[in-house]
Protein chains: 2
Amino acid sequence: MDVADDALELRRTSTLSTLVAQRLEALILGGRLPPGERLNEVALARELGVSRGPIREAARLLSNHGLVEFIANKGAFVRQIDRGEMLEIYDLRAVLTGHACELAAMRATPAETQALSDLLERMDAATATNDAAGYYGLNLDFHALLMETAKSTRLRSYTEGLNKEAHLYRQVSLQTLPDMEQSNRDHAAIVAAIRAGEAQNARELGEAHVRAGKARFEAAVADALFKDRS
Amino acid sequence: MDVADDALELRRTSTLSTLVAQRLEALILGGRLPPGERLNEVALARELGVSRGPIREAARLLSNHGLVEFIANKGAFVRQIDRGEMLEIYDLRAVLTGHACELAAMRATPAETQALSDLLERMDAATATNDAAGYYGLNLDFHALLMETAKSTRLRSYTEGLNKEAHLYRQVSLQTLPDMEQSNRDHAAIVAAIRAGEAQNARELGEAHVRAGKARFEAAVADALFKDRS
DNA sequence: TTTCTGAAAACTGTTGACAGTTTAATGCCG
DNA sequence: CGGCATTAAACTGTCAACAGTTTTCAGAAA
């Protein structure tokens with residue numbers, strides 16, 4: 001999608017409500033509106049310089065993205081995600097990532113496989129220099145490109161939603177950092193399968209990749225629990 | 001969830017916006033608001049006896065369910081689903097149904113497997129008497145119970161959303177009726193795998209079951225196309 | 001001091017009105 | 001008669017005010 005399309009798309013969809021929704025989403029994911037917090041309509045309206053109408057519409061927009069929960073006569077609250085829901089999210093992400101890899105293997109254009117390979121190389125470089133922050137960003141890019149390559153709008157929006165929800169887990173400290181080396185070995189295997197057009201194989205590799213993340217998460221939680229009790 | 005819980009839940013969530021959303025959803029899925037139609041706010045407000053605010057909020061609610069699409073300064077439109085999107089929906093439904101069966105195999109209580117078996121029998125009875133309408137309803141119940149048994153709220157809501165979206169396909173005539181006998185053989189195999197706790201097997205069976213539906217759909221589309229041209 | 005009661009403050013849910021945009025229609029010109 | 005500019009109608013986007021509920025807090029009773 002080029003710039004002109006972007007501009008058109010913006011003009012086609014942008015209204016105060018959607019802009020406010022983006023602001024609110026940023027506030028929530030950025031932690032300034034922590035899980036459990038109520039979205040005070042009048043305060044937010046004053047702060048953002050709009051009336052309550054757009055605030056309410058924006059909150060309703062976010063509600064089905066799973067970021068916000070409505071309680072009648074009490075208002076909109078930032079959702080709280082507990083450990084069980086986090087596991088649920090990992091499971092779904094695993095299944096959907098697997099499906100994305102499968103589709104990518106079937107549909108990837110040469111340019112796309114090349115772009116994936118390029119990202120792989122840059123991630124290797126980040127691993128070599130132990131650049132965790134850089135790796136983190138590239139990792140996001142990689143998974144985004146994977147979804148792009150799968151060419152399934154719903155798959156992408158579901159995955160994006162799950163990723164956002166994961167940010168609502170109370171102890172962000174438990175959002176584990178991947179073992180960069182192992183993680184990128186996974187990526188390399190996935191890209192190889194995609195390049196070879198081995199759909200089933202790509203699917204299994206993608207699913208296992210996320211499952212590994214889930215395992216790390218569970219270990220981190222168990223570890224934190226242990227520390228609490230000691 | 002018992003009746004008291006339902007009432008509480010209702011009181012907790014129900015507000016004009018949500019009630020209107022349910023009404024609108026019914027109008028859309030019932031075909032009275034066909035795909036592509038604009039949701040005229042003033043007309044709907046008058047018809048439902050509320051002001052435009054709740055209508056707008058309800059539309060925003062439905063927009064995230066994928067039933068409605070907003071275009072700035074033009075309003076809310078009932079989404080249109082084309083053949084490609086329909087295939088995308090089938091794919092996702094297949095993957096998610098497989099996952100649901102997998103989870104069900106791991107988590108089903110004896111009561112739940114029994115309930116699944118009971119539905120199976122009633123579907124057999126419907127098949128025997130060639131009661132397509134009855135089978136249709138029981139089939140919905142079966143898949144709903146499957147999701148219940150999987151005990152994953154997101155899995156359920158995603159699947160429900162996909163099912164609703166599928167209703168937006170322009171030619172509802174192409175929504176194929178399953179071959180009742182074959183379909184129920186699939187169901188029986190799935191329940192057997194769940195009862196046996198064979199998660200991986202249940203997953204594959206569930207996925208294949210939906211894939212079969214996708215194949216029927218593709219055949220029906222090809223057939224319709226052929227008839228058009230002849 | 002604690003607990004209950006009741007009123008006030010704060011806030012959400014809803015409504016009707018105003019502003020700006022889009023769409024349809026009317027009339028003009030070729 | 002057909003195409004085009006202009007104008008009016010219809011409609012959406014936004015706002016400010018009203019109604020009803022929830023929460024808070026002060027004061028009285030135990």
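Asn130(A) counts as exposed, with 9 C-beta neighbours inside 10 Å; a residue is buried if 20 or more other C-beta atoms lie within 10 Å of its own, exposed if 12 or fewer, and partly exposed in between, with C-beta atoms placed from the backbone. The model is predicted: local features need pLDDT of at least 70, side-chain atom pairs count only at pLDDT 80 or more, and totals for chains, interfaces and linings use all residues. Residues are numbered from 1 along each chain as its sequence is written, while chains are lettered from A and ligands numbered from 1 in the order in which they are written.

Asn130(A) is located in the loop between helix 6 (110-128) and helix 7 (132-150) of chain A, where helices (H or I, at least four residues) and strands (E, at least two) are DSSP runs numbered from the N terminus. Its phi is near 60°, a positive value in a residue other than glycine. Most residues other than glycine have a negative phi. A positive phi, near 65°, is also found for Asn73(A), which lies in the loop between strand 1 (68-71) and strand 2 (75-78) of chain A. Asn73(A) is exposed, with 7 other C-beta atoms within 10 Å.

Chain A comprises 10 helices and two strands, in the order α-α-α-α-β-β-α-α-α-α-α-α from the N terminus. Its C-alpha trace spans about 60 × 55 × 30 Å along the principal axes. Buried residues make up 34% of the 230 residues of chain A. Of the contacts in chain A between residues at least 6 apart in sequence, 74% join residues at least 24 apart; two residues are in contact if their C-beta atoms, placed from the backbone, lie within 7 Å.

Helix 6 and helix 7 of chain A pack at about 165°, with axes 9 Å apart. Axes are lines fitted to C-alpha atoms, for helices over the stretch in contact, and angles run from 0 to 180 degrees between N-to-C directions. The two helices of chain A are therefore roughly antiparallel (angles under 35 degrees count as roughly parallel, over 145 as roughly antiparallel, 65 to 115 as roughly perpendicular and the rest as oblique). The residues of the contact of helix 6 with helix 7 of chain A divide into nine nonpolar, four polar and three charged. Ala, Val, Leu, Ile, Met, Phe, Trp, Tyr, Cys and Pro count as nonpolar, Asp, Glu, Lys and Arg as charged, and the others, Gly among them, as polar.

In chain B, the axes of helix 5 (residues 83-107) and helix 8 (residues 153-166) come within 10 Å and cross at roughly 150°. Helix 5 and helix 8 of chain B are therefore roughly antiparallel to each other. The contact of these helices of chain B has nine nonpolar, two polar and two charged residues.

Strand 1 (residues 68-71) and strand 2 (residues 75-78) of chain B pair in the antiparallel sense over four bridges; strands pair if DSSP finds at least two bridges between them. Phe70(B) stands opposite Ala76(B) in strand 2 of chain B. The hairpin has three residues between the strands, and Asn73(B) takes a positive phi near 65° there.

Between the chains, 22 residues of chain B are in contact with 22 residues of chain A. Helix 4 of chain B gives the most to the side of chain B that touches chain A, with five residues.
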